[in-house]
Amino acid sequence: MGKYKYKILGEYKDWCEIYKDGTLIHNGSSIGIVSQVDSELCLRLNYGTNKHFYSILKKCGDFILAVPKKVEFLKTEYKYEPIIFNKQEFDEFIDCIYVDEKLISSIPQINKEDLLNMWFVSNPQHKTYINEMEMQENIINNILFFSDDEYDISCLKNVINKPDLSVHPIDSNYEVITIYMDGDTGMYEWKGIVIIDNNAYLKIDTHYYIN
């Protein structure tokens, strides 16, 4: 079963519902879901609300990713779901919406900062921050402990500080390390680390990790 499902509705087939793993991430017009904003190729989703939230389309190897839009993702109200398309999934997505194909002919390459932002913003609880550094420091400083006693903050920092990062699919043989976080209303869980072949990586969602 595919990760992404689409329902095209309306008299002019210009209304769509988009689901990721069965969860609604957009319910609205299919016009302008992909558009150029401030010289960036943006993905605009509403997550079933009456507001729109932007992420930026970037390329990483054979994948197309939606990374958090800078400045906007520092706000508490920002909504974001990691979106990673393989080529077939991206082609299916483009077939379902109205978009100028010239816009998607030159999607820029992703960088390490983008990938780390994807991971940090996927934290279940989000606050307003001054900048990315404050966000990262706040999240790391609020880690209480990990479900695996052999994994600690230094292990996490070793992954974060790697010079190069890229996206990889999670296969069927893996384990999840839960991060226990100190939140404003008490402790909460973040299933943010995945173990594959005895190595720990940053888990983006149930399908992909960063290495």
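User: How many of the 10 residues of helix H2 are buried?
Analyst: This is a predicted model, so read what follows with that in mind. Helix H2 covers residues 112–121 and is largely enclosed by the rest of the structure. Its buried residues include Leu-115, Trp-119 and Phe-120. The count of buried residues in H2 is eight.

User: At the start of H2, which residue's side-chain oxygen reaches the backbone nitrogen of Glu-113?
Analyst: The contact sits at the start of H2, with the oxygen within 3.1 Å of that backbone nitrogen. Glu-113 itself is partly exposed, at 33% relative accessible area. The side-chain oxygen comes from Asn-111.

User: Which residue forms a salt bridge with Glu-113?
Analyst: Look for a partner whose closest N atom is 3.1 Å from a Glu-113 O atom. That partner lies in the loop between E7 and E8, while Glu-113 is in helix H2, so the pair ties together parts that are 43 residues apart in sequence.

User: Salt bridges that share partners join Lys-20 and Glu-81 to which other residue?
Analyst: By the distance rule there are nine salt bridges. Where these share partners, Lys-20 and Glu-81 end up in one network with a further residue.

User: What is the N to O distance in the salt bridge of Lys-127 and Asp-184?
Analyst: Lys-127 is in the loop between H2 and helix H3, and Asp-184 is in the loop between strands E11 and E12, 57 residues apart. Lys-127 is partly exposed at 26% relative accessibility, whereas Asp-184 is exposed at 66%. Their side chains meet with an N to O distance of 3.7 Å.

User: What phi does Tyr-47 have?
Analyst: Tyr-47 lies in the loop between strand E5 and strand E6. With a relative accessible area of 17%, Tyr-47 is buried. Although Tyr-47 is not a glycine, its phi is positive, about 50°.

User: And Val-71, is that buried or exposed?
Analyst: Val-71 also has a positive phi, about 70°, although it is not a glycine. Its place is in the loop between strand E7 and strand E8. Its relative accessibility is 58%, and the cut-off is over 50%, so Val-71 counts as exposed.

User: How many disulfides are there?
Analyst: A disulfide needs two cysteine sulfur atoms within 2.5 Å. The count by this rule is zero. For Cys-96, the nearest cysteine sulfur, that of Cys-16, is 7.7 Å away, and the disulfide total is zero.

User: Which residues make the nonpolar surface patch of about 300 Å²?
Analyst: One member, Leu-144, is found in strand E9, residues 143–146. Leu-144 counts as partly exposed, at 43% relative accessibility. The patch is made by Leu-144, Phe-145 and Met-187.

Methods
Residues numbered from 1 in each chain as written. Predicted model: local features only at pLDDT ≥ 70, side-chain atom pairs only at ≥ 80, totals over all residues. Heavy atoms only, no water. Patch = residues over 30% accessible without salt bridge, like charges linked within 9 Å, V, L, I, M, F, W, Y side chains within 5 Å. Areas by Shrake-Rupley, 256 points an atom, 1.4 Å probe, with all protein chains shown as cover. Salt bridge = Lys/Arg side-chain N within 4 Å of Asp/Glu carboxyl O. Helix = DSSP H or I, 4+ residues; strand = E, 2+ residues; numbered from the N terminus. Buried < 20%, exposed > 50% of the residue type's maximum accessible area, 1.4 Å probe, protein only. Polar contact = N/O pair within 3.5 Å; in protein donor to acceptor, adjacent residues only side chain to side chain.
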